[in-house]
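Please read them with the structure open.

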Amino acid sequence: MTLRIVLAEDHALLRESLRTVFSLADDIEVVEAVDNGADALEAIRRERPDGAMVDIDMPRMSGLEVAEAVHAEGIPCALLVVTSYGKPGYLHRAMRAGVRGFVTKNISPDALIDAVRKVCAGGRHVDPEIAADALAVGETPLTERELEVLRLSGAGLRPAEIGARLSLAEGTVRNYLSSTLTKLQVDNRVAAYRVAEEAGWL
């Protein structure tokens with residue numbers, strides 16, 4: 001049986017290298033190779049492949065957003081995330097979105113082929129170092145609203161501007177920021193953003 005997969009990677013050289021890697025496997029066929037998340041989602045909807053290998057950091061939609069959309073639509077496609085960013089928060093979010101595999105781009109070609117076979121067969125394949133980090137760091141202690149406020153703060157918006165953007169009172173925004181600092185045990189917004197960003201919660 002030949003496994004049909006969609007390949008989503010925005011860097012052309014790497015995308016073509018991955019296509020070459022999969023061409024070496026007799027039982028894997030790349031039915032589409034695309035350079036952004038939105039096209040990846042459309043390809044998955046159209047082709048109904050056995051699996052899809054997606055990068056996280058892509059234009060138009062991230063690989064995690066693709067996974068969440070596939071999961072929400074109930075499309076039976078085994079997703080494998082291959083990323084340069086092995087952040088624990090990314091792994092937690094990917095698992096919630098039903099992703100079956102999560103590896104870094106340091107993986108060898110043979111191991112990547114094996115990972116695709118495994119997830120398409122219903123198994124899981126997670127980089128053990130990332131899994132250990134995820135267990136150590138845990139899930140984000142922040143609510144979705146606190147994360148939303150922190151993202152806008154990290155983009156340079158002041159509390160009044162954040163409030164206008166989210167239809168919140170400025171005082172409410174300050175309360176969210178204050179609770180965020182407390183939960184992350186830091187004393188300023190820059191440090192809070194850095195902690196959340198490094199953990200992959202944003």
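**Notes on cavities, core and pockets**

1. The count gives one cavity of 30 Å³ or more. The model is predicted, and that applies to every point below. About 40 Å³ of space lies in the largest cavity.

2. Which residues line the largest cavity? They are Ile5, Gly51, Ala52, Met53, Ala78, Leu80, Val116, Val119 and Cys120. S3, S4 and helix H5 (109-120) each give two or more residues to this lining. By class, the lining has eight nonpolar residues, one polar and no charged.

3. Now strand S3. Gly51 and Met53 point one way from S3, while Ala52 and Val54 point the other way. All four of these residues are buried. In general, side chains in a regular strand alternate between the two faces of the sheet.

4. S3 has partners in S1 and S4. S1 and S3 pair in the parallel sense over four bridges, and Val54 in S3 is the bridge partner of Ala8. S3 and S4 also run parallel, joined by four bridges. Here the bridge partner of Val54 is Val81 in S4. From S3 the chain passes through H3 to S4, a right-handed β-α-β crossover.

5. The largest nonpolar core has 30 residues. Those with the most contacts inside this core are Ile44, Ala52, Val54, Val70, Cys77, Leu79 and Phe102. At least two core residues come from each of strand S1 (3-8), helix H2 (37-47), strand S3 (51-54), helix H3 (63-73), strand S4 (78-83), helix H4 (88-96) and helix H6 (128-137). A second, separate core has 19 residues, including Ile5, Val21, Ala25 and Val30.

6. On to the open sites. The largest pocket holds about 230 Å³ of space. Its lining has 14 residues, and Arg93, Arg96, Glu144, Leu147 and Trp201 lie nearest the centre. H4 and helix H7 (144-154) each supply at least two lining residues. H4 gives the largest share, four residues. The lining divides into four nonpolar, four polar and six charged residues.

7. The second largest pocket holds about 190 Å³. Ile56, Asp57, Met58, Ser62, Leu64, Glu65, Tyr85, Tyr90, Arg93 and Leu202 line this pocket. H3 and H4 are the elements that give two or more residues to the lining. By class there are six nonpolar residues, one polar and three charged. Note Arg93: this residue lines the second largest pocket and is among those nearest the centre of the largest pocket.

Key: Residues numbered from 1 in each chain as written. Predicted model: local features only at pLDDT ≥ 70, side-chain atom pairs only at ≥ 80, totals over all residues. Heavy atoms only, no water. Core = buried A, V, L, I, M, F, W, Y, C linked by side-chain atoms within 4.5 Å. Buried < 20%, exposed > 50% of the residue type's maximum accessible area, 1.4 Å probe, protein only. Pairing = 2+ DSSP bridges. Right-handed = clockwise from strand over helix to strand, strands pointing away. 1 Å grid on protein atoms, 1.4 Å probe; cavity = no way out; pocket = protein on both sides within 12 Å on 5 of 7 lines; lining within 4 Å. Points joined across faces, edges and corners; volume = space filled by probe spheres on them. Nonpolar A, V, L, I, M, F, W, Y, C, P; charged D, E, K, R; others polar.
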